[in-house]
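Student: Could you take me through one part of this model closely, and then show me how it sits in the whole? I'd like the cut-offs as we go.

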Amino acid sequence: MSYNLLKGKKGIIFGALDERSIAWKTALRCHEEGAEIVLSNAPVAMRMGEINKLAEKVNAPVVAADATSMDDLKKLFETATKHFNGGVDFVLHSIGMSLNVRKGKSYTELDYGFNQKTLDISAMSLHRVLRTAWDMDAINEWGSVVALTYIAAQRVFPDYSEMADAKALLESVTRSFGYHYAVKKKVRVNTVSQSPTATTAGSGVKGFDGFIDYADKMSPLGNATGDQCADYCVSLFSDLTRMVTMQNLFHDGGFSFTGVTPQVIEQMGK
């Protein structure tokens with residue numbers, strides 16, 4: 001159902017790889033709510049995914065951009081503002097990759113070269129996006145930026161490895177840059193800490209299927225789906241949440257504040 005929450009708004013969505021991606025689902029919902037969109041992803045991800053299929057559905061141009069490259073980001077914002085004939089109202093940052101996890105290295109055996117790249121891709125890319133928009137004055141007053149994160153930034157999930165550090169840094173950038181952007185132009189910046197979701201990227205984490213089941217049993221409302229996360233992002237892009245900024249917002253069915261549930265105790269007793 002559409003409520004026209006984003007009618008007349010224009011946004012950039014990073015990270016739509018395939019139909020399982022939260023970014024993909026969010027793009028569809030934004031389009032349904034009346035927004036115009038520009039899609040972007042890293043060149044290698046564009047070759048691996050199906051972003052052009054999404055572009056046809058939402059009538060959006062696709063602009064390749066490495067989010068760790070200031071030059072690429074500048075070209076992206078230039079293209080977007082030209083396409084929109086004006087500034088951007090919202091941005092979704094759905095970018096993350098761990099080279100150490102890909103290589104099967106445990107947290108106690110990190111390759112620090114890989115680690116630096118992980119932090120740059122998964123966290124400092126948000127700073128670069130915000131800095132580029134700031135320098136170009138590309139985000140309109142009362143604009144909204146949302147980055148996707150995970151509760152491993154606050155709690156230990158051993159197999160999530162260095163991505164936990166990256167998400168903690170991502171959330172810190174959100175607060176720090178969010179302060180300055182709010183003062184300058186009333187732009188709000190938030191993170192959404194989503195339930196474990198069966199995306200292509202998430203499924204690469206060791207033991208992921210088992211953990212989805214565990215989180216579902218731990219959450220009073222059950223795990224939040226990717227489609228529900230897309231709905232939440234739409235609400236944060238809308239004018240209904242104008243006074244929400246610098247927050248890490250848990251969207252996890254109550255998992256983040258639940259100590260234990262009878263379902264988990266029962267399972268442990270078997």
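Tutor: Happy to! Let's begin with Asn115, which lies in helix H6, residues 112–136. Helices here are DSSP runs of H or I with at least four residues, strands are runs of E with at least two, and both are numbered from the N terminus. Before going further, note that this is a predicted model, in which local features need pLDDT of at least 70 and side-chain atom pairs count only at pLDDT 80 or more, while totals for chains, interfaces and linings use all residues. Residues are numbered from 1 along each chain as its sequence is written, and side-chain values use heavy atoms, with hydrogens and water left out.

Is Asn115 buried or exposed? Its relative accessible area is 13%, so Asn115 is buried; the cut-offs are under 20% for buried and over 50% for exposed, with partly exposed in between, using a 1.4 Å probe and protein chains only. Which residues does Asn115 touch, leaving aside neighbours within four places in sequence? They are Asn100, Leu110 and Glu162, where contact means heavy atoms within 4.5 Å.

Now to the strands. S1 (residues 10–14) runs parallel to S2, and 5 bridges join them; two strands pair if DSSP finds at least two bridges between them. In this pairing, Ile13 stands opposite Leu39 of S2. S2 spans residues 36–41 and is mostly covered, with 5 of its 6 residues buried. S1 is also joined to S4 by 3 bridges, again in parallel, and Ile12 stands opposite Val91 of S4. As background, side chains in a regular strand alternate between the two faces of the sheet. S4 (residues 88–93) has 6 of its 6 residues buried. S4 in turn runs parallel to S5 (residues 139–149) through 5 bridges, with Val88 opposite Ile139 in S5.

Stepping back, the protein chain has 10 helices and 7 strands. Its radius of gyration is 18 Å, close to the 18 Å that the globule rule gives for 270 residues, so the chain is as compact as a globular protein of that length; the radius is taken over C-alpha atoms, and the rule is 2.2 Å times the number of residues to the power 0.38. The C-alpha trace spans about 60 × 45 × 40 Å along its principal axes. Buried residues make up 50% of the 270. Of the contacts between residues at least 6 apart in sequence, 76% join residues at least 24 apart.
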